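Please look through the model below before reading on. The paragraphs that follow take its parts in turn, beginning with a term that will be needed for the packing of helices.

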Amino acid sequence: MANTHTTHSDIPHVTVGGYLIGFVLAVVLTVTSFWLVTTGKASGEQGLIWLAVLGAAQVVVHVMFFLHVNTSKGQRWHALSFAYTILMSLVIIVGTVWVMHNVHMLMMAR
Amino acid sequence: MSQSTLPAHHAQEHEHQPSHSVFGFWSYLMTDCVLFASLFATFAMMAQQFAGGPTAKDLFNLSDVALETALLLTSSLTFGFAMICAQRKNTGAVLAWLFVTFLLGAGFLWLEVHEFAHLIAEGAGPQRSAFWSAFFTLVGTHGLHVTMGLVWLVVLAVQIVKKPGMDEREVRRLACLSLFWHFLDIVWICVFSFVYLASVV
């Protein structure tokens with residue numbers, strides 16, 4: 001079984017330590033997000049920015065420690081396709097928000 | 001990707017060719033990611049469109065969302081333990097951790113169904129306003145994925161019980177489901193950050 005991740009390279013090798021580190025980081029980031037909102041420490045646009053930063057950090061933690069995507073040889077295509085998908089997702093989300101914002105402004109809907 | 005090891009394995013057994021099915025499943029997850037991206041984009045557009053009806057601030061219950069988040073996050077960890085036990089060929093422990101994962105996932109779904117029923121009873125059903133349509137579509141799609149994940153988990157557990165050796169094929173199947181399960185947890189991070197917390201902040 002020890003050579004599984006070398007001969008069958010698309011099954012990542014996993015360790016207890018890796019999972020625990022990822023879990024602790026994820027809990028800290030989640031609790032911070034909830035704490036900021038429920039105590040009212042951050043509000044309005046500043047709050048949204050904090051939520052986006054903490055959310056993005058937690059996604060990175062999950063991808064590294066739970067999905068085991070990294071730039072090692074067996075995972076290179078995973079990482080590449082993931083980066084491309086994130087790019088496309090951002091194009092969809094940012095593009096939609098941008099276009100619809102302009103529509104509202106130019107059509108005087110608001 | 002490791003094609004060079006092919007000839008040595010050919011002689012032994014057809015089964016042992018390096019398979020790329022985990023990467024194939026990963027490709028499906030990437031398309032699923034784009035599906036969720038469009039649902040998030042839609043939700044972002046409808047974030048203020050309450051049509052004079054109940055708003056998110058009125059009805060969202062953050063303590064329930066925190067509990068759902070805790071259940072799903074813990075289930076990611078327990079699935080990780082199942083993967084580690086699979087690497088060690090400890091079939092009993094794999095089944096035990098899968099069972100714990102199933103309970104946590106089912107608890108999450110139960111809370112979510114409860115929440116949906118509560119919202120609809122308060123007059124905030126999917127037909128009330130654009131906001132609630134977008135909300136139910138996005139969160140409901142995630143919930144459907146979790147439901148499918150639970151069904152898949154049961155099927156996989158039955159397969160493992162029938163063939164308890166934890167050979168390469170079983171580990172491969174488990175690896176695919178683990179990607180699916182962790183992916184759903186990642187989508188949930190975006191849901192609780194941008195749907196629940198961002199609507200209340």
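A crossing of two helices is called left-handed if the near helix is turned anticlockwise from the far one by less than a right angle, and right-handed if clockwise. This is a predicted model, in which local features need pLDDT of at least 70 and side-chain atom pairs count only at pLDDT 80 or more, while totals for chains, interfaces and linings use all residues. Residues are numbered from 1 along each chain as its sequence is written, and chains are lettered from A and ligands numbered from 1 in the order in which they are written.

Chain B has seven helices and zero strands, where helices (H or I, at least four residues) and strands (E, at least two) are DSSP runs numbered from the N terminus. Read along the sequence, its pattern is α-α-α-α-α-α-α, and the C-alpha trace of chain B spans about 70 × 35 × 25 Å along its principal axes.

Two packed helices are described by the angle between their axes and the distance between the axes. Here the axes are lines fitted to C-alpha atoms, for helices over the stretch in contact, and angles run from 0 to 180 degrees between N-to-C directions. Helix α4 (residues 62-87) of chain B packs against helix α5 (residues 91-121) of chain B at an angle of about 160 degrees, with the axes 8 Å apart. That makes α4(B) roughly antiparallel to α5(B), since angles under 35 degrees count as roughly parallel, over 145 as roughly antiparallel, 65 to 115 as roughly perpendicular and the rest as oblique. The crossing of α4(B) and α5(B) is left-handed. The residues of this contact divide into 16 nonpolar, six polar and four charged, with Ala, Val, Leu, Ile, Met, Phe, Trp, Tyr, Cys and Pro counted as nonpolar, Asp, Glu, Lys and Arg as charged, and the others, Gly among them, as polar. Just after α4(B), K89(B) takes a positive phi of about 60 degrees.

A second pair in chain B is formed by helix α2 (residues 21-45) and helix α7 (residues 168-200), whose axes come within 10 Å and cross at roughly 15 degrees. That makes α2(B) roughly parallel to α7(B), and the crossing of α2(B) and α7(B) is right-handed. Among the residues that make the contact are F25(B), W26(B) and F36(B) of α2(B), and L179(B), F180(B) and F183(B) of α7(B). By class, the contact of α2(B) with α7(B) has 16 nonpolar, one polar and one charged residues.

Between the chains, 42 residues of chain A are in contact with 46 residues of chain B, two residues being in contact if their C-beta atoms, placed from the backbone, lie within 7 Å. The largest share of the side of chain A that touches chain B, 12 residues, comes from α4(A). That side of chain A has 23 nonpolar, 18 polar and one charged residues.

The mean pLDDT of chain A is 86, and 89% of its residues reach 70 or more; in chain A, confidence is lowest in α1(A), at a mean of 43, and highest in α2(A), at 94. For chain B the mean pLDDT is 90, and 91% of its residues reach 70 or more, although over residues 1-6 of chain B the pLDDT is below 50. Where pLDDT is low, the predicted coordinates should not be read in detail. For the complex, the predictor gives an ipTM of 0.87 and a pTM of 0.88.

Terms used:
pLDDT is the predictor's confidence in each residue, from 0 to 100.
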